[in-house]
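Please open the structure in your viewer and keep the selection tool at hand.

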Number of protein chains: 2
Amino acid sequence: MSSRGYKAWLHYEGQLSNKGLAKWADCFRSIICIPGERGGVLNTAIGELASGIEALTGNKPEVTDAASAVDRKRCIAAGIIGAMPLDGLAISLAEAEQLPDEGFIIRTIDNGDLCSIAIAGRSERGLMYGVFHFLRLLQTEGIGENGFNVVEQPAFRLRMLNQWDNMDGSVERGYAGRSIFYRNYELLARSPRIKDYARLLASVGINGIAINNVNVHRQETKLITERYLPDVARVADTFRAYGIRLYLSVNFAGPLELGELDTADPLDPRVQAWWKERANEVYSYVPDFGGFLVKADSENRPGPFTYGRDHADGANMLADALAPYGGIVLWRCFVYNCQQDWRDRSTDRAKAAYDHFRPLDGRFRDNVILQIKNGPMDFQVREPVSPLFGAMPNTNHMMEFQVTQEYTGQQRHVCFLVPQWKEVLDFDTRLKGEGTRVKDLAAGKVHPYTHCGVTAVSNIGDDDNWTGHHLAQSNLYGYGRLMWNPDLEAEAIAEEWTRQTFGGDAAVVETITGWLMESWGTYESYTAPLGVGWMVTPHYHYGPDVDGYEYSKWGTYHFADWKGIGVDRTQATGTGYTAQYEAENARVYENLATCPDELLLFFHHVPYIHKLHSGKTVIQHIYDTHFEGVQRVEAQLASWLSLEGKIDEERFRHVTGRAKEQLENAKLWRDVINTYFYRKSGISDEQGRTIY
Amino acid sequence: MSSRGYKAWLHYEGQLSNKGLAKWADCFRSIICIPGERGGVLNTAIGELASGIEALTGNKPEVTDAASAVDRKRCIAAGIIGAMPLDGLAISLAEAEQLPDEGFIIRTIDNGDLCSIAIAGRSERGLMYGVFHFLRLLQTEGIGENGFNVVEQPAFRLRMLNQWDNMDGSVERGYAGRSIFYRNYELLARSPRIKDYARLLASVGINGIAINNVNVHRQETKLITERYLPDVARVADTFRAYGIRLYLSVNFAGPLELGELDTADPLDPRVQAWWKERANEVYSYVPDFGGFLVKADSENRPGPFTYGRDHADGANMLADALAPYGGIVLWRCFVYNCQQDWRDRSTDRAKAAYDHFRPLDGRFRDNVILQIKNGPMDFQVREPVSPLFGAMPNTNHMMEFQVTQEYTGQQRHVCFLVPQWKEVLDFDTRLKGEGTRVKDLAAGKVHPYTHCGVTAVSNIGDDDNWTGHHLAQSNLYGYGRLMWNPDLEAEAIAEEWTRQTFGGDAAVVETITGWLMESWGTYESYTAPLGVGWMVTPHYHYGPDVDGYEYSKWGTYHFADWKGIGVDRTQATGTGYTAQYEAENARVYENLATCPDELLLFFHHVPYIHKLHSGKTVIQHIYDTHFEGVQRVEAQLASWLSLEGKIDEERFRHVTGRAKEQLENAKLWRDVINTYFYRKSGISDEQGRTIY
């Protein structure tokens, strides 16, 4: 596995050739590392630094642990703050000690002909992140005349991924082959792919991973038993070397499912004892085990409701079992009635998470984190931000995103999601006045959370290139980068990913970056309009089916009739969902005059002839965006094709094939959506374009 | 397995108690059989007769083969015409010899105190059918003062069933559990269920069965190889004892799939030789093997088109391989473009079979039979009769029905299909002037077919009661009975099934018979209206999804918009499908004034305000039938519930459960269909009933 696709953004191809480089060239010949504890992560960091420099410069650097300051001229001095001498490195201890555990400093020391470079981590992990950052800078910007002066620390403490992998080898909502973790109900505990995956994740700052699907089936229930723990421990070892903590999804009905108890009631002492025993056993194999991820009382999964208990009862029971070992419970808030009758207009799925959890604020243990999806529905191409996020000041929160493109083209369409996530992170909840942004909440800056951060559903599988579509790697990369620093511009992330993955040719960088940056808006334009969502083939979630979820039990409706469309979620005449937002935001959404166009149909039912802020009617907007969306895909494909010869053959051909499939599918979306609304409204396209 | 459900209609419970019985009582004490060849079927017949009489009378009859006429007083004389002495049996040899192979005579001889009963078959199978008929008469009508005088022969020579069973144990379109034939890619060759199934089929005259799915997957391709033939032979033995010939579905790409050749071109001599070898091998295991059933060039199955050959080339190649052994090819005509673009309004799936096959008339071998589905689409609740049937005077035909309720409620709804099949069989094609009915064509009375008849997809699985819903047994029973004698009234079949299955209580017989007779119309009323079809959940085909197939590749559209609905298949303005019918029928369908209401939307696109012959508008008809349909289900359920105590607990509870599910699902159909059309048309229900 050494294809370009497999290497993803860790190519380190070609030579460093910036004009400023000469000055620093000698530094790349030796690495001096003053070891701290010399743990696994430190070894990883130094190994990455050495091999990265070798790949970039063509010379293998000498690695020593010489301790004297003199030796640290004409070298890269890498180490851990507190364990490495800082003299001569232009780093003050006071400055360094302000950094959190994962922070680092990269600084060049220009002493004329005795230049050197310092990479100092606040911990082993900080050093490793510094190394990856340093190598990234070399690849994307090179090292100029002035060298570097970088101080970095992550915005969020928890930066996790969730694998929705099943032990039969399938991946729920996976679009890149089979699982790299399981085959035939065994863990692939010695597979080199897991190490390579860990490395990719560490390079963008991921520090936690739950390695099995939140839907915990029969066999997966046994992952926390001796049957599988030895292999789980091996996988944990692999991730530990990259600073990543391992978590497992657990089955709330575990004691029942394994046939050991006749109940899973969280208040039953036998159940509590059972989980304590399980936790004890897990920690005997994985001493730094992260904790349990739980989907309970959701989409037919078992949970505390079965026993007349609430979610705090359920989560706290698990939290008490994990507390002695420092473990945490990641408790998902994706709880709603998935047996709703579409004829019942009073129930609104969007309200469910808030209604279920808000009243429980303050009842959860300190080592419980509520894991809240970014929108109130389910990872649609466009949703408002979940009003639950931040609404429980006394309960730890983390936000859940989706890197895998379930509703956004399934890695057959290009849909770079960083701009979407950035909108979510930048959203001003106003919960503590203007400027209470989601990213501040997730960083623990607003409420005194003991644990907080972000997580996301991964998009990888055992396809050679990890993500099916080569360009879908950008979402995994972008997730890590944005969650390290949510103030990064999406375009900067797109560009640095492109440079590392496809090289620095100007046309290549401009074309791919441009495609990525346009892609979310393009996908939105030819799929479900104006925030209405859900117009997809049921279950599969690929391709158009306007009524596919309209008469279903899933609570996902658009209510289109011959006059109009949309879900009235206002307090005045609708479900009252808007009331879950802080008053000022609620007013914006409640009011047709202020509700943003792109969320109009999420909040309001309007006639097709309703005028948008854009000046267009809703129906003409639908027609226009759908025709334009296809034109945009055509233009993107044409731009991509102009890169022939500048991209290696294999990736060029592969991406071209997917782009052509995207175009055909975009045309299908255009024609189905336009035809559906034309047939329903009877209103013709002003421009007389073809509608069937 | 001795539950009432498992015994189906072969209960033989209780005592014969007609007042006329006394006269014949002595006859039941002994059975005299003058053996012919004493083959397996004769043994089956005599065994069934003896055990049936024992069950019905409580006394085990003596079975002898005493040959003298004297002995044949006070007995049942059972035998084969030509081998049994007819003197004293009131049967003339001349009369008897006019019967075809499968015919029989049942006659009572009233000699005062020396009464006797004769059951004479024209062959072993004729005798067996006579025995089952005799036992059926005893159960349903009893034996009156005047005894019996029955002469029967089947209308159709081939009366087959197709199992859509896969070797993994699944059953395509099966709604009654797993396969009784396969598990884990092995044949259950010694399973007693196969024998019990054969017996059920023989009791209603089925004489052929293809035991694997027409979609022949990888492993099933090997059924005609030594890997499986020993087990196939065992299954053939089981069926042979009940007069049923075994057929196998084959994979047209067999030589390729098994890796033995690099082509399956039917004109390639290597391919021809390969199939001859296969046929030779099959017949070495199963000397009376029926032949091959083939789905070629259909729904992604391989076929002759791959090689630029036509269906005659393909079928004849297989026919030549089977001819030396007397085998036949059953070649399905279910051929259409399943990759159609819904945006293409010029293609009409309904036309496909006729367009593909009609030009090939006369090109097929004498041992090929075209197997033609009853309608031009696919087993919808209402379709016109396929115009292909009978349209090829020089090509053998058989009609394919569907006993399994794929589109008709999946054995969770009651839908007794005999009335539907009877309409098809009674349809006057007018191909040779008025009175050229489908049943005459299938009987070979119109064109000089060397092989002809009927076949159907079975509805059984390994559920204890065979068919999931107890009442769905009536479809398997009714199929056999109607295809033996298409002039039987559907109601008579329903009643005789009910009497045998649930006993003779008047309320039971009236209620169940009434329910069965109403059920098809009821199902039609709350599902897809006016012949439009296809408003079902894609792939699963259960429950409503009006647009589920509207924008798909399957060629199944309704074209509903804000003004109207239906498929214009006229010659004047539509696809021209009507031209495939004989001129007079074509005129009837072409013309809005004469097209029957129930097929209106199959042939015409009309406004919602179009007036039906019934005087209602289309839209009001939709609303009315859907509200009424649910009311009918409610009434049927109420009637059924009134039988509590008159039906055994197990079956009462089971049927009640399914009927309640049917009611809920009927309500869903009602509400989805009405809401869909209200939202699309904007026209209110005249009666102001609830539409969502």
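How many residues of chain A are in contact with chain B, and how many of chain B with chain A? Select both sides: 22 residues of chain A are in contact with 22 residues of chain B, contact meaning heavy atoms within 4.5 Å.

Before going further, please note that this is a predicted model, in which local features need pLDDT of at least 70, side-chain atom pairs count only at pLDDT 80 or more, and totals for chains, interfaces and linings use all residues. Residues are numbered from 1 along each chain as its sequence is written, chains are lettered from A and ligands numbered from 1 in the order in which they are written, and side-chain values use heavy atoms, with hydrogens and water left out.

**The interface**

Display the surface between the two chains. The area buried between chain A and chain B is about 2,200 Å², and carbon and sulfur atoms give 58% of this area. Buried area is the accessible area (1.4 Å probe) that two parts lose on being put together, summed over both. Next, select A:Arg343, A:Trp562 and A:Arg679; these supply 35% of the area that chain A buries against chain B, more than any other three residues.

**Charged pairs**

Four salt bridges are found across the interface of chain A and chain B; a salt bridge is a side-chain nitrogen of Lys or Arg within 4 Å of a carboxyl oxygen of Asp or Glu. Select A:Arg679 again, together with B:Glu550: their side chains meet in a salt bridge (2.9 Å, N to O).

Then move to B:Arg343 and A:Asp671, another salt bridge, in which the closest N and O atoms are 2.4 Å apart. This pair joins two chains, because B:Arg343 lies in the loop between β13 (328-332) and α11 (352-357) of chain B, whereas A:Asp671 belongs to helix α20 (residues 649-681) of chain A. Helices (H or I, at least four residues) and strands (E, at least two) are DSSP runs, numbered from the N terminus.

**Chain A as a whole**

Colouring by secondary structure shows 20 helices and 18 strands in chain A. Along its principal axes, the C-alpha trace of chain A spans about 80 × 65 × 50 Å.
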